[in-house]
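Look at the structure first, then read on.

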Amino acid sequence: MTDAVLERVLVREADGADAGHLSLVSDATFLETFAGMIAGDALVTHCQKRHAPDYLRQLLEGGARAWLAELDAAPIGYALLTAPELDAAREGDVELKKIYVLSRFHGTGIAARLLDAALAGAKGHTRLLLGVKDDNHRAIGFYTKQGFRQIGTRRFDVGGTLYDDVVLARELDRTES
Ligand SMILES: CC(C)(COP(=O)(O)OP(=O)(O)OC[C@H]1O[C@@H](n2cnc3c(N)ncnc32)[C@H](O)[C@@H]1OP(=O)(O)O)[C@@H](O)C(=O)NCCC(=O)NCCS
């Protein structure tokens with residue numbers, strides 16, 4: 001990936017009007033990441049439920065926040081910040097529900113730009129939590145590099161099938177921006 005291409009990538013906060021773009025990049029990155037690793041019917045069911053534009057629009061209207069990475073206005077990655085659904089969550093925590101970038105753009109710093117945007121959005125919270133599939137070594141490598149540490153495990157439902165996740169947390173400076 002050349003610097004000239006990367007200079008054309010914009011990271012911006014998304015709103016309800018972007019639900020279609022978020023849905024598209026959610027499906028594309030989820031399939032690319034997990035096809036062959038998660039049962040196909042579970043993958044499709046998860047995408048149909050959790051990446052539907054209406055579902056995402058309602059999340060954003062309910063207080064979740066999302067950021068899109070776009071190359072010439074085409075979505076190539078996103079991050080989604082929500083109220084925590086993790087058992088390990090304490091008052092003051094917030095969850096990085098998703099951070100996904102198309103594989104052509106891995107290792108380019110775009111994921112770090114999305115995480116920086118989400119960290120700024122998490123300002124005022126105590127910890128940023130997330131769950132990640134326990135064999136997703138690249139993602140765990142990224143999170144570890146970014147200051148996350150394991151605080152537990154959980155089982156995660158993808159389209160009706162349970163998978164093992166590790167739960168990671170990053171302490172937040174309440175003044176972090
Ligand atoms: C997770 C994700 C956003 C991280 O972005 P990225 O651009 O790939 O991250 P980086 O390249 O900056 O960092 C990944 C690190 O893991 C390392 N890594 C790569 N493969 C690895 C492996 N098999 N085992 C351990 N570490 C690995 C890389 O070397 C890199 O560390 P380095 O910069 O010190 O060399 C991106 O990989 C992605 O979108 N993956 C698919 C979706 C996904 O899994 N999302 C997370 C779901 S919870």
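Two residues are in contact when heavy atoms lie within 4.5 Å. The model discussed here is predicted.

Q: Among contacts between residues at least 6 apart in sequence, what percentage join residues at least 24 apart in the protein chain?
A: Start with contacts in the protein chain whose partners are at least 6 apart in sequence. Then keep those that join residues at least 24 apart. The share is 66%.

Q: In what order do the elements of the protein chain run from the N terminus on?
A: The protein chain has six helices and seven strands. From the N terminus on, they run α-β-α-α-α-β-β-β-α-β-α-β-β.

Q: Why does the radius of gyration of the protein chain agree with that of a compact globule?
A: The C-alpha atoms fill a box of roughly 45 × 40 × 30 Å along the principal axes. A compact globule with 177 residues would have a radius of gyration near 16 Å. The protein chain agrees with this, because its radius of gyration is 15 Å.

Q: What percentage of the accessible surface of the protein chain belongs to carbon and sulfur atoms?
A: Of the 177 residues, 45% count as buried. The accessible surface comes to about 8900 Å². The part that belongs to carbon and sulfur atoms is 50%.

Q: How many Å apart are the mean positions of the positive and negative charges of the protein chain?
A: The protein chain has 21 positive and 26 negative charges.

Q: Why do the buried residues of H6 line one face of the helix?
A: Helix H6 spans residues 137–145, and Ala139, Phe142 and Tyr143 are buried there. Seen down the axis, the buried residues line one face because they fall within an arc of 95°.

Q: Which elements do the buried residues of H6 pack against?
A: His137, Arg138 and Lys145 are exposed on the other side of H6. The buried residues pack against strand S4 (93–101), helix H5 (110–121), strand S5 (127–133) and strand S7 (161–171).

Q: Which residue with a positive phi follows H6?
A: The phi in question is near 90°. The residue is Gly147.

Q: Is Pro84 buried, partly exposed or exposed?
A: Pro84 lies in the loop between strand S3 (74–82) and S4. Its relative accessible area is 29%. Buried means under 20% and exposed means over 50%. Pro84 is therefore partly exposed.

Q: Which residues is Pro84 in contact with, leaving aside its neighbours within four places in sequence?
A: Arg155 is 71 residues from Pro84 along the chain, and their C-alpha atoms are separated by 15 Å. The contacts of Pro84 beyond those neighbours are Ala89, Asp93, Val94 and Glu95.

Definitions and conventions
Residues numbered from 1 in each chain as written. Predicted model: local features only at pLDDT ≥ 70, side-chain atom pairs only at ≥ 80, totals over all residues. Heavy atoms only, no water. Helix = DSSP H or I, 4+ residues; strand = E, 2+ residues; numbered from the N terminus. Rg over C-alpha atoms; globule rule 2.2 N^0.38 Å. Buried < 20%, exposed > 50% of the residue type's maximum accessible area, 1.4 Å probe, protein only. Areas by Shrake-Rupley, 256 points an atom, 1.4 Å probe, with all protein chains shown as cover. Lys, Arg positive; Asp, Glu negative; His and termini not counted. Charge placed at Lys NZ, Arg CZ, Asp CG, Glu CD. Arc of directions from axis to C-beta.
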